[in-house]
Amino acid sequence: MATKIKGITWDHPRGYQPLRAVAAEWGRKAGIQLQWDVRTLKEFGDMPVEVLVDRYDLIIIDHPYMGEAASKALLLPLEDHLPQSFLDVQAAQSVGPSYDSYGWKGRHYALPVDAAAQVAVMRADLADAIGWGPPVYTEQLRAAAEQLPTGKFIAIPLCPTDIWCVFLTLCAQYNGGEFFTPAGIEEPAGRYALAQLQEWATFLHPNSFRMNPIQMLDRMAAEDEIVYCPFSFGYTNYARKDAAGIRLVFMDAPRRSGHGISTLLGGAGIAVSRNSANRNACMDFIRYVLDPEVQRTTYYINGGQPAHLSAWEDPACNADSGDFFGQTLYTLQHAYRRKGAPGFNRFQEAAADIVHVSAMEGMDGALMMRQLNNLFQAICHDQL
(Lines give C-alpha, C1' and ligand atoms only; values in the text may rest on other atoms or scores of the structure.)
Protein backbone atom coordinates (compact mmCIF):
# COMPACT_ATOMS: atom_id res chain seq x y z
CA MET A 1 0.00 0.00 0.00
CA ALA A 2 1.31 3.43 -1.00
CA THR A 3 2.26 5.92 1.70
CA LYS A 4 -0.40 8.63 2.14
CA ILE A 5 0.33 12.18 3.24
CA LYS A 6 -1.89 15.25 3.48
CA GLY A 7 -1.44 18.93 2.73
CA ILE A 8 -3.57 22.04 3.23
CA THR A 9 -3.63 24.98 0.81
CA TRP A 10 -6.03 27.85 0.05
CA ASP A 11 -9.32 27.68 -1.76
CA HIS A 12 -8.66 29.21 -5.18
CA PRO A 13 -7.65 27.39 -8.39
CA ARG A 14 -4.27 29.14 -8.16
CA GLY A 15 -3.89 27.67 -4.67
CA TYR A 16 -4.87 24.05 -5.23
CA GLN A 17 -4.82 23.13 -8.94
CA PRO A 18 -1.04 23.31 -9.44
CA LEU A 19 -0.29 21.51 -6.18
CA ARG A 20 -2.68 18.69 -7.00
CA ALA A 21 -1.24 18.34 -10.50
CA VAL A 22 2.34 18.30 -9.25
CA ALA A 23 1.38 15.88 -6.45
CA ALA A 24 -0.10 13.46 -8.99
CA GLU A 25 3.02 13.68 -11.16
CA TRP A 26 5.37 13.26 -8.21
CA GLY A 27 3.23 10.55 -6.62
CA ARG A 28 3.46 8.33 -9.68
CA LYS A 29 7.24 8.47 -9.46
CA ALA A 30 7.55 8.28 -5.66
CA GLY A 31 4.76 5.78 -4.99
CA ILE A 32 3.19 8.21 -2.49
CA GLN A 33 -0.35 9.58 -2.41
CA LEU A 34 -0.52 13.27 -1.50
CA GLN A 35 -3.97 14.72 -0.81
CA TRP A 36 -4.39 18.50 -0.83
CA ASP A 37 -7.28 19.97 1.18
CA VAL A 38 -8.26 23.67 1.12
CA ARG A 39 -9.17 26.51 3.47
CA THR A 40 -10.52 29.96 2.62
CA LEU A 41 -8.31 32.86 1.59
CA LYS A 42 -9.05 34.65 4.88
CA GLU A 43 -8.20 31.48 6.82
CA PHE A 44 -4.95 31.27 4.85
CA GLY A 45 -3.95 34.63 6.30
CA ASP A 46 -5.50 34.35 9.76
CA MET A 47 -6.05 30.72 10.83
CA PRO A 48 -3.60 29.68 13.56
CA VAL A 49 -1.20 27.02 12.34
CA GLU A 50 -1.63 25.28 15.69
CA VAL A 51 -4.94 23.87 14.46
CA LEU A 52 -3.30 22.40 11.35
CA VAL A 53 -0.06 20.77 12.48
CA ASP A 54 -1.70 17.65 13.89
CA ARG A 55 -3.84 17.05 10.80
CA TYR A 56 -1.49 17.87 7.92
CA ASP A 57 2.05 17.05 6.86
CA LEU A 58 2.47 19.94 4.40
CA ILE A 59 1.05 23.42 5.01
CA ILE A 60 0.81 26.29 2.54
CA ILE A 61 1.39 29.33 4.72
CA ASP A 62 1.50 33.13 4.71
CA HIS A 63 4.96 34.55 5.45
CA PRO A 64 3.98 36.91 8.33
CA TYR A 65 3.34 33.77 10.41
CA MET A 66 7.03 32.76 10.51
CA GLY A 67 7.87 34.34 13.87
CA GLU A 68 4.83 32.84 15.55
CA ALA A 69 5.47 29.39 14.07
CA ALA A 70 9.13 29.49 15.08
CA SER A 71 8.41 30.66 18.63
CA LYS A 72 6.00 27.76 19.13
CA ALA A 73 8.11 25.18 17.25
CA LEU A 74 5.22 24.34 14.93
CA LEU A 75 7.16 23.88 11.69
CA LEU A 76 10.40 22.13 10.80
CA PRO A 77 13.45 24.36 10.22
CA LEU A 78 14.27 23.42 6.65
CA GLU A 79 18.02 23.91 6.98
CA ASP A 80 18.03 20.71 9.06
CA HIS A 81 16.36 18.64 6.34
CA LEU A 82 17.26 20.02 2.91
CA PRO A 83 20.70 20.28 1.25
CA GLN A 84 22.32 23.68 1.36
CA SER A 85 22.86 23.47 -2.39
CA PHE A 86 19.07 23.24 -2.87
CA LEU A 87 18.44 26.19 -0.54
CA ASP A 88 21.07 28.21 -2.41
CA VAL A 89 19.13 27.66 -5.64
CA GLN A 90 15.92 28.80 -3.97
CA ALA A 91 17.60 31.96 -2.72
CA ALA A 92 19.08 32.69 -6.14
CA GLN A 93 15.72 32.05 -7.83
CA SER A 94 13.74 34.21 -5.41
CA VAL A 95 11.39 36.77 -6.92
CA GLY A 96 12.15 39.84 -4.84
CA PRO A 97 12.26 39.21 -1.08
CA SER A 98 10.09 36.06 -1.29
CA TYR A 99 12.81 33.68 -0.07
CA ASP A 100 13.87 35.91 2.81
CA SER A 101 10.27 36.44 3.90
CA TYR A 102 10.00 32.83 5.11
CA GLY A 103 12.98 33.10 7.42
CA TRP A 104 13.10 33.99 11.09
CA LYS A 105 16.30 34.56 13.05
CA GLY A 106 18.48 32.81 10.51
CA ARG A 107 16.25 29.78 9.93
CA HIS A 108 13.68 29.09 7.20
CA TYR A 109 10.38 27.51 8.18
CA ALA A 110 8.90 27.57 4.67
CA LEU A 111 10.01 28.18 1.11
CA PRO A 112 8.16 30.23 -1.51
CA VAL A 113 6.07 28.13 -3.87
CA ASP A 114 3.97 31.06 -5.15
CA ALA A 115 5.12 34.67 -5.60
CA ALA A 116 2.87 37.73 -5.54
CA ALA A 117 2.65 41.37 -4.55
CA GLN A 118 0.09 44.10 -5.00
CA VAL A 119 0.25 45.12 -8.65
CA ALA A 120 -1.91 47.17 -11.00
CA VAL A 121 -4.51 45.70 -13.35
CA MET A 122 -6.42 47.28 -16.22
CA ARG A 123 -9.13 46.60 -18.74
CA ALA A 124 -6.99 47.61 -21.69
CA ASP A 125 -9.95 47.48 -24.10
CA LEU A 126 -11.89 50.04 -22.05
CA ALA A 127 -8.86 52.27 -21.50
CA ASP A 128 -7.93 52.24 -25.20
CA ALA A 129 -11.49 53.06 -26.24
CA ILE A 130 -11.40 56.32 -24.25
CA GLY A 131 -7.72 57.13 -24.72
CA TRP A 132 -6.98 56.75 -21.01
CA GLY A 133 -3.62 55.84 -19.49
CA PRO A 134 -2.79 54.58 -15.99
CA PRO A 135 -0.94 56.78 -13.49
CA VAL A 136 2.76 56.31 -12.83
CA TYR A 137 2.65 57.72 -9.31
CA THR A 138 0.23 57.13 -6.46
CA GLU A 139 -0.30 60.89 -6.09
CA GLN A 140 -1.84 60.96 -9.57
CA LEU A 141 -4.69 58.62 -8.72
CA ARG A 142 -7.40 61.24 -8.21
CA ALA A 143 -6.51 63.04 -11.43
CA ALA A 144 -6.60 59.75 -13.32
CA ALA A 145 -10.05 58.96 -11.90
CA GLU A 146 -11.34 62.39 -12.90
CA GLN A 147 -10.33 61.72 -16.51
CA LEU A 148 -12.69 58.74 -16.72
CA PRO A 149 -16.16 59.24 -18.21
CA THR A 150 -19.32 58.87 -16.13
CA GLY A 151 -19.97 55.25 -15.21
CA LYS A 152 -16.30 54.22 -15.40
CA PHE A 153 -14.25 53.77 -12.25
CA ILE A 154 -10.96 53.07 -10.58
CA ALA A 155 -11.47 50.41 -7.91
CA ILE A 156 -9.30 48.91 -5.18
CA PRO A 157 -10.18 45.83 -3.08
CA LEU A 158 -10.52 47.35 0.40
CA CYS A 159 -12.38 44.83 2.52
CA PRO A 160 -10.79 44.73 6.00
CA THR A 161 -8.11 42.17 5.10
CA ASP A 162 -7.08 44.02 1.96
CA ILE A 163 -7.35 47.59 3.20
CA TRP A 164 -4.72 46.56 5.75
CA CYS A 165 -2.45 45.42 2.92
CA VAL A 166 -2.97 48.67 1.00
CA PHE A 167 -2.40 50.64 4.21
CA LEU A 168 0.97 48.91 4.66
CA THR A 169 1.84 49.58 1.02
CA LEU A 170 1.16 53.28 1.50
CA CYS A 171 3.21 53.38 4.70
CA ALA A 172 6.13 51.74 2.92
CA GLN A 173 5.82 54.15 -0.01
CA TYR A 174 5.76 57.13 2.33
CA ASN A 175 8.89 56.03 4.19
CA GLY A 176 10.66 54.62 1.16
CA GLY A 177 11.00 51.35 3.09
CA GLU A 178 10.62 50.14 6.68
CA PHE A 179 8.19 51.95 8.96
CA PHE A 180 7.77 49.54 11.89
CA THR A 181 9.70 50.16 15.10
CA PRO A 182 9.49 48.32 18.45
CA ALA A 183 6.83 50.89 19.37
CA GLY A 184 4.74 50.17 16.28
CA ILE A 185 4.08 52.07 13.05
CA GLU A 186 5.79 55.42 12.60
CA GLU A 187 3.01 57.97 12.98
CA PRO A 188 3.71 60.17 9.91
CA ALA A 189 3.58 57.14 7.64
CA GLY A 190 0.36 55.84 9.18
CA ARG A 191 -1.38 59.19 9.07
CA TYR A 192 -0.36 59.67 5.43
CA ALA A 193 -1.74 56.25 4.54
CA LEU A 194 -5.06 56.89 6.25
CA ALA A 195 -5.40 60.30 4.59
CA GLN A 196 -4.91 58.67 1.20
CA LEU A 197 -7.55 56.02 1.89
CA GLN A 198 -10.03 58.63 3.09
CA GLU A 199 -9.45 60.74 -0.02
CA TRP A 200 -9.84 57.72 -2.31
CA ALA A 201 -13.21 56.91 -0.74
CA THR A 202 -14.59 60.00 -2.51
CA PHE A 203 -13.93 58.71 -6.03
CA LEU A 204 -13.35 54.93 -6.03
CA HIS A 205 -15.96 52.45 -7.21
CA PRO A 206 -18.57 52.42 -4.42
CA ASN A 207 -18.12 48.69 -3.75
CA SER A 208 -14.37 48.99 -3.18
CA PHE A 209 -14.59 48.81 0.61
CA ARG A 210 -16.49 45.50 0.40
CA MET A 211 -14.38 43.65 -2.17
CA ASN A 212 -11.39 41.33 -1.92
CA PRO A 213 -9.04 40.89 -4.92
CA ILE A 214 -10.85 37.87 -6.34
CA GLN A 215 -14.23 39.58 -6.17
CA MET A 216 -12.85 42.69 -7.83
CA LEU A 217 -11.01 40.82 -10.57
CA ASP A 218 -14.08 38.70 -11.28
CA ARG A 219 -16.08 41.90 -11.65
CA MET A 220 -13.50 43.53 -13.90
CA ALA A 221 -13.48 40.50 -16.19
CA ALA A 222 -17.28 40.21 -16.39
CA GLU A 223 -18.52 43.83 -16.41
CA ASP A 224 -17.46 47.13 -17.98
CA GLU A 225 -17.49 49.54 -15.00
CA ILE A 226 -13.97 49.13 -13.58
CA VAL A 227 -11.22 50.33 -15.89
CA TYR A 228 -8.25 50.15 -13.54
CA CYS A 229 -7.06 49.06 -10.12
CA PRO A 230 -3.69 50.31 -8.84
CA PHE A 231 -3.26 47.87 -5.93
CA SER A 232 -4.45 44.27 -6.02
CA PHE A 233 -2.60 41.04 -5.47
CA GLY A 234 -1.92 39.73 -8.96
CA TYR A 235 -3.53 36.58 -10.36
CA THR A 236 -2.20 35.22 -13.64
CA ASN A 237 -5.47 33.30 -14.03
CA TYR A 238 -7.20 36.47 -15.26
CA ALA A 239 -4.48 37.29 -17.80
CA ARG A 240 -4.14 33.92 -19.51
CA LYS A 241 -5.30 33.01 -22.99
CA ASP A 242 -7.94 30.71 -21.48
CA ALA A 243 -9.16 33.25 -18.90
CA ALA A 244 -12.87 33.33 -18.20
CA GLY A 245 -14.37 36.64 -19.31
CA ILE A 246 -12.36 39.55 -20.69
CA ARG A 247 -8.60 39.09 -20.28
CA LEU A 248 -7.11 41.56 -17.83
CA VAL A 249 -3.76 43.26 -18.28
CA PHE A 250 -1.44 43.40 -15.25
CA MET A 251 1.37 45.90 -14.83
CA ASP A 252 3.65 47.47 -12.24
CA ALA A 253 1.81 49.33 -9.48
CA PRO A 254 2.15 53.09 -9.18
CA ARG A 255 4.81 54.30 -6.76
CA ARG A 256 5.16 57.39 -4.61
CA SER A 257 7.15 60.03 -6.46
CA GLY A 258 10.80 59.90 -5.48
CA HIS A 259 10.77 56.39 -3.98
CA GLY A 260 11.63 53.03 -5.51
CA ILE A 261 9.73 50.93 -2.97
CA SER A 262 6.63 49.50 -4.60
CA THR A 263 3.95 47.51 -2.74
CA LEU A 264 3.30 44.83 -0.17
CA LEU A 265 4.68 41.35 -0.77
CA GLY A 266 2.22 38.44 -0.81
CA GLY A 267 2.59 34.92 -2.16
CA ALA A 268 2.57 31.59 -0.38
CA GLY A 269 5.16 29.29 1.17
CA ILE A 270 5.30 25.55 1.66
CA ALA A 271 6.14 24.25 5.13
CA VAL A 272 6.31 20.91 6.96
CA SER A 273 4.50 20.26 10.24
CA ARG A 274 6.75 19.53 13.19
CA ASN A 275 4.39 16.62 13.94
CA SER A 276 4.60 14.98 10.53
CA ALA A 277 5.49 11.29 10.56
CA ASN A 278 6.44 11.54 6.88
CA ARG A 279 9.20 14.12 6.94
CA ASN A 280 11.36 12.53 4.25
CA ALA A 281 8.45 12.29 1.83
CA CYS A 282 7.52 15.91 2.52
CA MET A 283 11.05 17.10 1.85
CA ASP A 284 11.15 15.08 -1.35
CA PHE A 285 7.94 16.74 -2.54
CA ILE A 286 9.29 20.20 -1.70
CA ARG A 287 12.39 19.53 -3.76
CA TYR A 288 10.19 18.36 -6.63
CA VAL A 289 7.61 21.18 -6.64
CA LEU A 290 10.35 23.82 -6.34
CA ASP A 291 12.43 22.44 -9.15
CA PRO A 292 12.77 25.26 -11.71
CA GLU A 293 11.57 23.05 -14.58
CA VAL A 294 8.47 21.94 -12.65
CA GLN A 295 7.74 25.54 -11.62
CA ARG A 296 7.64 26.82 -15.19
CA THR A 297 5.85 23.79 -16.66
CA THR A 298 3.51 21.61 -14.58
CA TYR A 299 3.02 24.20 -11.85
CA TYR A 300 2.31 27.11 -14.20
CA ILE A 301 0.32 25.15 -16.77
CA ASN A 302 -2.11 24.03 -14.07
CA GLY A 303 -2.99 27.53 -12.94
CA GLY A 304 -0.12 28.25 -10.59
CA GLN A 305 1.76 31.48 -10.07
CA PRO A 306 5.33 30.25 -9.70
CA ALA A 307 7.82 31.49 -7.15
CA HIS A 308 10.88 30.90 -9.31
CA LEU A 309 12.49 33.76 -11.20
CA SER A 310 13.17 31.42 -14.12
CA ALA A 311 9.39 31.02 -14.56
CA TRP A 312 8.81 34.77 -14.33
CA GLU A 313 11.36 35.25 -17.10
CA ASP A 314 10.18 32.28 -19.16
CA PRO A 315 8.98 33.29 -22.68
CA ALA A 316 6.29 30.59 -22.77
CA CYS A 317 4.78 31.61 -19.41
CA ASN A 318 4.76 35.26 -20.46
CA ALA A 319 3.31 34.55 -23.89
CA ASP A 320 0.43 32.64 -22.33
CA SER A 321 -0.27 35.28 -19.66
CA GLY A 322 -0.10 38.48 -21.68
CA ASP A 323 3.36 39.24 -20.25
CA PHE A 324 1.96 39.19 -16.71
CA PHE A 325 5.35 38.30 -15.23
CA GLY A 326 7.46 40.66 -17.28
CA GLN A 327 5.09 43.58 -16.70
CA THR A 328 4.98 43.18 -12.91
CA LEU A 329 8.49 41.97 -12.08
CA TYR A 330 9.79 45.41 -11.05
CA THR A 331 7.06 45.67 -8.44
CA LEU A 332 7.87 42.22 -7.06
CA GLN A 333 11.59 42.90 -6.97
CA HIS A 334 11.03 46.10 -4.95
CA ALA A 335 8.26 44.82 -2.69
CA TYR A 336 8.00 45.51 1.02
CA ARG A 337 7.83 42.46 3.28
CA ARG A 338 6.28 42.33 6.72
CA LYS A 339 8.67 41.22 9.46
CA GLY A 340 6.43 38.50 10.88
CA ALA A 341 7.19 38.91 14.60
CA PRO A 342 5.51 36.44 16.95
CA GLY A 343 1.88 37.50 17.26
CA PHE A 344 1.94 39.58 14.07
CA ASN A 345 -0.87 37.53 12.53
CA ARG A 346 -3.10 38.29 15.52
CA PHE A 347 -2.10 41.95 15.45
CA GLN A 348 -2.87 42.43 11.78
CA GLU A 349 -6.26 40.70 11.95
CA ALA A 350 -7.43 43.19 14.59
CA ALA A 351 -5.57 46.12 13.01
CA ALA A 352 -7.34 45.55 9.70
CA ASP A 353 -10.70 46.28 11.30
CA ILE A 354 -9.36 49.46 12.89
CA VAL A 355 -8.05 50.77 9.55
CA HIS A 356 -11.24 49.80 7.72
CA VAL A 357 -13.47 51.68 10.18
CA SER A 358 -11.07 54.64 10.28
CA ALA A 359 -11.07 55.03 6.51
CA MET A 360 -14.82 54.65 6.08
CA GLU A 361 -15.83 56.86 9.02
CA GLY A 362 -13.25 59.62 8.60
CA MET A 363 -11.48 58.94 11.90
CA ASP A 364 -8.73 61.32 13.00
CA GLY A 365 -5.32 59.94 12.08
CA ALA A 366 -3.78 60.52 15.49
CA LEU A 367 -6.58 58.55 17.17
CA MET A 368 -6.22 55.65 14.76
CA MET A 369 -2.47 55.54 15.26
CA ARG A 370 -2.86 55.39 19.03
CA GLN A 371 -5.22 52.45 18.65
CA LEU A 372 -2.92 50.61 16.23
CA ASN A 373 0.24 51.13 18.21
CA ASN A 374 -1.34 50.28 21.56
CA LEU A 375 -2.47 47.04 19.97
CA PHE A 376 0.98 46.41 18.48
CA GLN A 377 2.74 47.01 21.78
CA ALA A 378 0.36 44.69 23.56
CA ILE A 379 0.98 41.81 21.12
CA CYS A 380 4.35 42.26 19.36
CA HIS A 381 6.39 44.70 21.46
CA ASP A 382 10.19 44.12 21.39
CA GLN A 383 9.87 41.09 19.11
CA LEU A 384 10.80 42.63 15.76
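In this predicted model, the second largest pocket has a volume of about 280 Å³. Its lining comprises 17 residues, and those nearest the centre are Asn 237, Tyr 238, Asp 242, Ala 243 and Ala 244. Helix H1 (13–30) and helix H10 (213–222) are the elements that give two or more residues to this lining, and H10 gives the most, with three residues. By class, the lining of the second largest pocket holds seven nonpolar, six polar and four charged residues.

Of its 28 lining residues, Leu 41, Thr 161, Asp 162, Cys 165 and Phe 233 are the closest to the centre. Two or more residues each come from helix H2 (41–46), helix H8 (160–175) and H16. This lining divides into 13 nonpolar, six polar and nine charged residues.

Helix H16 (residues 344–361) also packs with helix H17 (residues 365–380), at an angle of about 170 degrees and with the axes 10 Å apart. Angles over 145 degrees count as roughly antiparallel, and H16 is therefore roughly antiparallel to H17. Among the residues that meet are Phe 344, Phe 347 and Ile 354 in H16 and Met 368, Leu 372 and Phe 376 in H17. The contact of H16 with H17 has twelve nonpolar, two polar and one charged residues.

Elsewhere, Ile 154 lies in strand E8 (residues 153–154). Ile 154 counts as buried because its relative accessibility is 1%, under the 20% cut-off. Beyond its neighbours within four places in sequence, Ile 154 is in contact with residues including Trp 132, Leu 141, Leu 204 and Tyr 228.

Notes: Residues are numbered from 1 along each chain as its sequence is written. This is a predicted model: local features need pLDDT of at least 70, side-chain atom pairs count only at pLDDT 80 or more; totals for chains, interfaces and linings use all residues. Side-chain values use heavy atoms; hydrogens and water are left out. Axes are lines fitted to C-alpha atoms, for helices over the stretch in contact, and angles run from 0 to 180 degrees between N-to-C directions. Helices (H or I, at least four residues) and strands (E, at least two) are DSSP runs, numbered from the N terminus. Angles under 35 degrees count as roughly parallel, over 145 as roughly antiparallel, 65 to 115 as roughly perpendicular and the rest as oblique. Contact means heavy atoms within 4.5 Å. Ala, Val, Leu, Ile, Met, Phe, Trp, Tyr, Cys and Pro count as nonpolar, Asp, Glu, Lys and Arg as charged, and the others, Gly among them, as polar. Buried means under 20% relative accessible area, exposed over 50%, partly exposed in between (1.4 Å probe, protein chains only). On a 1 Å grid over the protein atoms alone, a cavity is a set of points where a 1.4 Å probe fits but cannot get out, and a pocket is an open set with protein on both sides within 12 Å along at least five of seven lines; lining residues have an atom within 4 Å of a point. Grid points are joined across faces, edges and corners, and a volume is the space filled by probe spheres set on the points.
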